[in-house]
Protein chains: 2
Amino acid sequence: MIDLSKIESPADIKGMTVEELTELAKELRKTLLTKLSAHGGHAGPNLGFLEATIALHYVFDAPVDKIVFDVSHQTYVHKMLTGRMQAFTDPAHYNDVSGFTNPKESDYDLFTIGHTSTAVSLAGGLAKARDLVGGTERVVAVVGDGSLSGGEAFEGLDFGSTLASNFIVVVNDNDMSIAENHGGLYADLRLLRNTNGEGEPNFFRTLGYDYRYVKYGNDMKSLIEAFEEVKDSRYPVVVHVNTQKGMGYAPAEAHREEFHFSAPFDIPTGMPLHVSEDPEWSDIFYDTMQPLMSQNSSTVVITAGTPGVIGFTPERRRKAGKQFIDVGIAEQEGVALASGLAKGGARPVFGVMSSFIQRAYDQMSQDVAINATPVVLAIFGAGMGCLNDVTHLGWFDIALISNIPGWIYLAPTCKEEYQAMLRWAVRQTDYPVAVRQPGPEVWETGREFPEEYFDINKFSLCRKGEKVAVIAAGATFKAAYEAVGQLFDEGITPTLINPVFLSGIDTGMLEELKKEHRYVITLEDGVLDGGFGEKIARYYGDSTMKVICRGIPKEFLDRYDAGKLQEQCRLTSGCIADDIRSLYSPE
Amino acid sequence: MIDLSKIESPADIKGMTVEELTELAKELRKTLLTKLSAHGGHAGPNLGFLEATIALHYVFDAPVDKIVFDVSHQTYVHKMLTGRMQAFTDPAHYNDVSGFTNPKESDYDLFTIGHTSTAVSLAGGLAKARDLVGGTERVVAVVGDGSLSGGEAFEGLDFGSTLASNFIVVVNDNDMSIAENHGGLYADLRLLRNTNGEGEPNFFRTLGYDYRYVKYGNDMKSLIEAFEEVKDSRYPVVVHVNTQKGMGYAPAEAHREEFHFSAPFDIPTGMPLHVSEDPEWSDIFYDTMQPLMSQNSSTVVITAGTPGVIGFTPERRRKAGKQFIDVGIAEQEGVALASGLAKGGARPVFGVMSSFIQRAYDQMSQDVAINATPVVLAIFGAGMGCLNDVTHLGWFDIALISNIPGWIYLAPTCKEEYQAMLRWAVRQTDYPVAVRQPGPEVWETGREFPEEYFDINKFSLCRKGEKVAVIAAGATFKAAYEAVGQLFDEGITPTLINPVFLSGIDTGMLEELKKEHRYVITLEDGVLDGGFGEKIARYYGDSTMKVICRGIPKEFLDRYDAGKLQEQCRLTSGCIADDIRSLYSPE
């Protein structure tokens, strides 16, 4: 048995035999599985790329040689081998490391990466820099088959092959994206796997790469041989490694989509340890869309590789049939395809994470807004408290979407309003409309909403008061509603407004407010800079109305605590009440 | 001789023989050349795709069949054949049509398109919509070889091949992007051209397309045969058409880069009719970068397919050697590669149009900002008065870039400040820095600037006055400077501030202004929503300072008049002076 605590850097595995390395793999897998089962994480990708990670560190000399991992959600083993073993062996230290590469943790980590399809481009830059400064280190990009559907990966491969120097792209092909792959490319990858890499045509060769296939991508000897072979290549080369997602853990091998990312689970059965009874936005979205799809066979839901996020389980996808499209991890295609669909008379709804819609700004602007195609975006994971890794923050979307002319960005405050807005967005054909998930929790109010938002930029006056008006957008509304309720009980009577729209302001209502109000407080679950509140501040700029904008500061926060951040941003009901109270105090 | 005025729709060419169509091509070419020489335009692309356009309209039945043109800068002949002939035959009507497809002009134009790499995605949406609603029309995407370098085109191809129905992608391969092509893909296209389409590997086949090669892409008979053959294909097919850019006009065939887009020229010689003596930003950028590249061999300039825009003529590119990179039309790669380069110790400067940097928001955020890699962006074509097509507006970049945490966005006001900022940006390695071209005209002030901007968000106080402070960013500064000069002569003494930074505010100075000022006017050459002025309005929101923000309204304007727009936005020196004067009037 190998003492994992003795492995402090890749140097500690360099002297091992293939048998010892294989034994090491067994130990690491056991340890990894224990952490995964207790802590959750990207199970499938890490189990599948475990042997290859050992082989990479055995053959290459990181951190002198540079290894860039795409998405970097498969780097747990890399972290174990590069000085961070304790974060995997000792439960008290499980949270010492992030789930992605992180230069703040280690020199072996070159970039903080969390979005897909970037590694080839980044590694290409490292290789080109090396060539300019006359370095001799090797440069390796590791990219999964799923990531190859993203346009940035293609652009990176297209450039990378023009390097006349060492540039090694390891394609970790487990025949899966997060869910199953979609797209013409994947037939070619299948052909290559089925022909032991010898079939034609070969996608990588068309782009100018030398090519090496590894049939047994979880076999240490095969991997080491392949990496040794290309290690000192003086030309760009692709090593196509056929791996098994979830390798070595039967439930993860059998349920590859569920175990791509998993919450804590029971090792013997693979069943989740905790089953939440709480309603989830993914199901609400599905439950809202399903009848619309049944009623109109041209209503079509699109995902860019994350069907689970939007509630489309494998069974529901089968049921939706050709009314469900997975374009692969390709958000640009998600948006542009939707524009073509809308122009062609279909009703496309692209469900996408806030953090990932960033990848399609130009498409939202050019392909959709300029053409006024009635595309619907359902934005998931928006605001505070959804994903909290720095690479997956959900609070830049307001500034991004609402400042594009022509887009209507709706901010529902509760489940019922979310559904009404989504139904209206699908029904109408006048505008591109985005609907923002109001935070992580589902607030069920039982209220009825009219499913009618043609009165663009019309705010909703919820409670009429005087002196102070609170304009609380989306997820912030619940706390504001509670705060205002509390204050009315105290005899303090602020006005409460649900702005409904993030993409414009209700100048009529804002003018009206001037009569009996001296202060407006804006609340939003997004970054203040470029956000909703600033529109109000600008509107009132030359008046005597005082405006206080509350939202998230312009910063990249990593693994923030949502509760604390809400306090800091003064978006809790307590903070909101205090802020309002202070404005009613004698001055 | 064919009477072009009789051609009102494609129906009018359906009965023609191949010989007549060839004669028609001759007439159209002559007419087109006459307009191009007098009016300017995309000469090369239109001359090269002339026969293919006729053949497409001969074989397919638009507008029932749907043809989507990528970039759509090659659609002059399409317009001539679809009811807009007069805009090409009659100089008085030359401006009746835009330079791109435009649904407002004709039902034959499906989308307003101006950015590259989108047509396959949009057409894929049309095809999928057809399949959902049970239509039978044919769907054709026309895409140039240069556009294939863009990731969106790859994503579109990857999805498109999964359609089990009619989907025809015409690849117009003239062996050129705007300048020469770069990237591994182009070796494969060359192989296919050199083998009459028979070589392996074949890029399009790897993505699952049937494939048909047309060797003589300017020969009517070959084109018609090929299009007839695939017309009713029930599977996705690529027709790879080998065309000659600038076909039929010797100077355009010889000088393909210059004639991609040309100003008015003399037909016999091909020489430009007007040679401007005015300084241009492209040359200023080159003149600034060239010494920096000489001094440091790891300083590297990047373009995404538009070397001419940034002053890198073929000769200068040769001189720059490996310190110049053209990644193809692939802005995502431009930014991500730059991040890798910066991380590897090189000093990358990516020169890119305001309208095109939109294509790389996620890369600016994830690949650069989160990693704090000291990438330099030089933003061209920013503000009013540069390109004025709706697809190429240069005024969304402030909201886009300056609201990403970590980016320093600098707004020079004149040539000398631009150079100082660019030199500092390249010299420092602490921040990602973008430098914004200050409008179309070059203002030479002869002033010296310290080449030192480490004091982040420090505004520059240019003229100290009282009551009203004008904060004039970038290109707006000159008019403000003139206005304030005029007002001082009149005895009115506003304060004038150059904010220097677009990405943050100088809270110290803003606080200080409260003492002797009651009004702040912000001026910016960008959209107000999400822009610079709103940050100032928010800052002063809860104070008695009144803030008036001037900038561009959130709208897509097509072929606007820059002078009129400047008036409307009250950004001329006259408007600025009037606005200030009115604030000094007795109230």
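User: How many salt bridges are there between chain B and chain A?
Analyst: Eight salt bridges are counted between chain B and chain A. The rule takes a side-chain nitrogen of Lys or Arg within 4 Å of a carboxyl oxygen of Asp or Glu. This is a predicted model, so local features need pLDDT of at least 70 and side-chain atom pairs count only at pLDDT 80 or more, while totals for chains, interfaces and linings use all residues. Residues are numbered from 1 along each chain as its sequence is written, chains are lettered from A in the order in which they are written, and side-chain values use heavy atoms, with hydrogens and water left out.

User: Which residue does B:Arg538 meet in a salt bridge?
Analyst: A:Glu534, side chain to side chain, at 2.8 Å, N to O.

User: And which helix of chain B gives the most to the side that touches chain A?
Analyst: Helix H7, residues 119–133, with ten residues. Helices here are DSSP runs of H or I, at least four residues, and strands are runs of E, at least two, numbered from the N terminus.

User: What's the area buried between the two chains?
Analyst: About 8,300 Å², with carbon and sulfur atoms giving 59%. That is the accessible area (1.4 Å probe) that the two parts lose on being put together, summed over both. In chain B, the most area is lost by B:Leu132, B:Glu155 and B:Arg538, together 9% of what that side buries.

User: How many residues are in contact?
Analyst: 103 of chain B with 103 of chain A. Contact means heavy atoms within 4.5 Å.

User: New topic. How many cavities does the search find?
Analyst: Eleven of 30 Å³ or more, over the whole structure. A cavity is a set of points on a 1 Å grid over the protein atoms alone where a 1.4 Å probe fits but cannot get out; lining residues have an atom within 4 Å of a point.

User: Which residues lie nearest its centre?
Analyst: A:Ala399, A:Leu400, B:Ala399, B:Leu400 and B:Asn403, out of 15 lining residues. Helix H17 (397–402) of chain A and helix H18 (397–402) of chain B each give two or more residues to that lining.

User: Where are the cis peptide bonds you'd point out?
Analyst: One joins A:Glu200 and A:Pro201, with omega about -5°. Another joins B:Ala62 and B:Pro63, with omega about 5°. A:Pro201 sits in the loop between helices H8 (184–194) and H9 (203–206) of chain A. B:Pro63 is in the loop between helix H4 (50–59) and strand S1 (66–69) of chain B.

User: Why flag those?
Analyst: Because most peptide bonds are trans.

Definitions and conventions
1 Å grid on protein atoms, 1.4 Å probe; cavity = no way out; pocket = protein on both sides within 12 Å on 5 of 7 lines; lining within 4 Å. Points joined across faces, edges and corners; volume = space filled by probe spheres on them.
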